Amino acid sequence: MNRLDEVFQQKKANILSVYFTAGFPGLTDTIPIMTHLQDAGADIIEVGIPYSDPVADGPTIQESNQAALKNGMNLRLLLQQLKDVRKQINIPIVLMGYFNPVMQYGIERFCQECHELGVDGFIFPDLPMQMYLDEFKEAFEKHGLHNIFLITPQTSDERVRAIDKNSDSFIYVVSSASITGAKTGISSEQEAYFQRICDLKLKNPTLIGFGISNQETFEKACKTAHGAIIGSAFIKVLEHSKDLKTDIHNYIRSVKKAHENIIH
Amino acid sequence: MEYNVNDKGFYGKFGGAYIPEMLYPNVAELRDTYLEIIQETAFQEQFYYLLKHYVGRPTPLYLAERLSEKYKAQIYLKREDLCHTGAHKINNTIGQILVARKLGKKSIIAETGAGQHGVATATVCALMGMDCIIYMGSHDMERQKPNVERMKILGATVIPATSGSKTLKDATNEAMRHWINHPQETHYIIGSVVGPHPYPAMVALFQSVISDEIKMQLQQQIGRENPDYIIACVGGGSNAAGAFYHFMDNKDVKLVAVEAAGKGVNSGQSAATTALGTMGILHGSRTLLMQTEDGQVTEPYSISAGLDYPGIGPLHAHLFDTKRATFYAVTDENAMKAGIALSRLEGIIPAIETAHALAALDEMQLQPHESRYSPQQARRYYSSNRDCPRPGCTR
């Protein structure tokens with residue numbers, strides 16, 4: 001069974017998904033960061049495939065992409081690093097990135113290798129729904145890989161429903177009209193948008209991302225969605241970290257603090 | 001219509017709209033409405049009124065006699081440099097700002113390489129009283145300072161793009177990010193035939209006035225509407241798209257596209273996309289681009305800021321793929337030489353972008369028999385068919 005399906009079956013609220021860029025801060029930090037995230041209590045890990053031109057990302061993630069590429073990270077190396085990942089990591093792994101490197105790698109080969117490694121799904125911000133349906137769905141599904149779509153405050157209800165219909169995993173609810181890391185905090189206007197999405201009673205679970213950085217924003221997001229995604233804020237933790245293990249544990253604990261008490 | 005965009009936004013294998021969901025509503029709105037807007041009578045009237053009285057169209061089609069003699073051919077220059085603001089870019093910015101107004105947008109953003117598109121955008125924003133932000137690579141801002149000053153005088157805010165090679169590609173990334181952050185009020189005027197569908201098709205359509213005029217002017221001047229060759233430089237490819245547009249389906253007209261080879265196609269410092277590129281996704285369309293084996297976009301190089309781009313519009317990728325157009329790559333050095341040569345033969349100093357197209361004449365080895373009319377004949381025909389008043393003319 002796909003581990004994303006498992007997570008959403010077992011857990012209905014307060015799901016924390018964390019993004020980091022592979023190859024950042026160090027080329028070989030990929031597996032250690034994943035291990036620390038799992039141990040610290042993350043529910044899903046999003047591994048970023050670095051790209052030269054990440055148009056949907058703000059300065060923090062742009063810089064982590066540049067640094068990772070400079071460190072020598074590329075898609076082939078990332079897949080090599082993930083070779084034995086399932087010996088250590090049992091929570092869902094999602095690869096996130098821009099579509100061009102994957103296209104160059106070869107879609108079929110990429111999907112097959114990801115399946116063998118135990119990857120559960122993909123997020124490609126620049127692969128729109130129609131392109132996915134027309135050309136790539138078949139390959140993804142054949143290898144049991146879920147494709148995760150984004151929706152934004154500007155996405156019409158009609159399109160949200162179409163995306164829901166064509167999704168087989170969670171829906172990534174982008175919290176505001178912005179690139180990553182552009183805004184912090186959640187306004188009442190954003191909360192109204194989250195409520196609107198919640199009221200649509202979608203068949204797939206939702207995770208809210210962009211602007212989630214701490215306990216307060218995580219909790220606000222969890223009120224109307226199944227959980228939330230942290231990206232830029234976590235990259236900043238890594239950027240300044242001298243001790244990855246301690247810093248990752250402290251950060252994740254600080255975000256999830258309230259829930260640990262309430263749930264258990 | 002073999003070379004036009006299909007209803008899914010593709011030119012053969014190339015095109016489409018690979019954009020983040022954040023941009024979907026804007027791009028979809030444009031895709032669903034632009035043709036209807038452009039075809040409205042009021043739009044057409046205003047567009048052509050401005051092209052005539054504001055831009056100064058039609059631009060001359062000038063028989064360059066001394067250049068013709070040099071190459072033993074009959075060479076005409078389509079003088080887009082005589083457009084208001086000094087380049088063809090304004091044909092597109094006028095069209096797009098009228099579309100933006102129709103869509104109720106309040107502010108305009110654009111990317112620019114050489115600064116010509118930035119100036120053309122700042123100009124129409126001033127004309128229409130709209131806010132204007134131009135993204136420009138910080139490296140380009142250095143080498144094109146006069147254009148930066150012009151944009152500022154026109155009231156635009158110029159924001160340097162400091163990532164990557166600090167040129168056109170990076171300016172385009174920054175403009176897209178701005179659009180993601182301000183989707184509702186803003187229209188993004190892309191300056192070339194690149195970007196997600198419908199941009200390549202829309203920009204080509206606005207620039208098609210160039211080939212429309214060439215046809216009419218050739219008919220008036222030499223009694224035939226089709227040339228043997230159309231030669232144009234290609235960065236993203238907007239002037240080439242405009243010059244080719246009405247000739248694409250007529251295979252008697254050979255299309256020649258000229259890219260920037262920089263310091264040499266294989267020097268590692270080049271922008272010759274069709275020579276070095278492979279299929280991939282850049283700025284929202286599937287096209288030919290210069291990239292590493294790993295799919296990272298390569299930093300291009302050319303002396304010409306307007307050609308310093310790692311991709312090419314999907315239409316041109318298709319023309320290349322189907323061999324409808326012949327592509328040449330011209331080095332910095334040869335472009336400079338051709339530019340100086342034209343200046344001294346004709347008293348016309350071309351843009352360094354255009355000079356690349358002129359340099360291709362050296363490589364094309366035109367055969368005298370291909371030129372069906374001598375310059376002398378052409379001049380006689382032109383004099384007997386002139387439609388403008390002249391001193392002593394009693395007509």
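Here are some friendly notes on this predicted model, point by point.

1. Ground rules. The model is predicted: local features need pLDDT of at least 70, side-chain atom pairs count only at pLDDT 80 or more, and totals for chains, interfaces and linings use all residues. Residues are numbered from 1 along each chain as its sequence is written, chains are lettered from A and ligands numbered from 1 in the order in which they are written, and side-chain values use heavy atoms, with hydrogens and water left out.

2. Domains of chain B. Chain B splits into domain 1 (20-53 + 86-203) and domain 2 (60-83 + 207-376), with bounds that come from an automatic or database domain assignment. Their C-alpha centres are 23 Å apart. Each side brings 30 residues to the contact (contact means heavy atoms within 4.5 Å).

3. The nonpolar cores. A nonpolar core is a set of buried Ala, Val, Leu, Ile, Met, Phe, Trp, Tyr and Cys residues joined through side-chain atoms within 4.5 Å; buried means under 20% relative accessible area, with a 1.4 Å probe and protein chains only. The largest core has 195 residues, and Leu95(A) and Phe110(A) touch the most other members. Domain 1 and domain 2 of chain B both give residues to this core, so it lies between them. Another core, apart from it, has 26 residues, including Val256(B) and Met364(B).

4. Leu95(A) up close. Setting aside neighbours within four places in sequence, Leu95(A) has contacts that include Val47(A), Ile49(A), Phe110(A) and Ile123(A).

5. A helix pair in chain B. Helices here are DSSP runs (H or I, at least four residues), as strands are (E, at least two), numbered from the N terminus. Helix α4 (residues 89-102) and helix α9 (residues 199-207) of chain B pack at about 120 degrees, with axes 8 Å apart; axes are lines fitted to C-alpha atoms over the stretch in contact, and angles run from 0 to 180 degrees between N-to-C directions. Among the residues making this contact are Gly95(B) and Val99(B) of α4(B), and Met202(B) and Phe206(B) of α9(B).

6. Helix α13 of chain B. Which residues of α13(B) are buried? They are Pro314(B), Leu315(B), His316(B), Ala317(B), His318(B) and Leu319(B). That makes six of the eight residues of the helix (residues 314-321), so α13(B) is largely enclosed by the rest of the structure. After α13(B) comes Lys323(B), with a positive phi near 60 degrees.

7. Thr152(A). This residue sits in the loop between β6 (150-151) and α8 (157-165) of chain A. Thr152(A) is buried, at a relative accessible area of 0%. Neighbours within four places aside, Thr152(A) is in contact with Val174(A) and Tyr193(A), and with Glu21(B) and Met22(B).

Technical notes
Buried means under 20% relative accessible area, exposed over 50%, partly exposed in between (1.4 Å probe, protein chains only).
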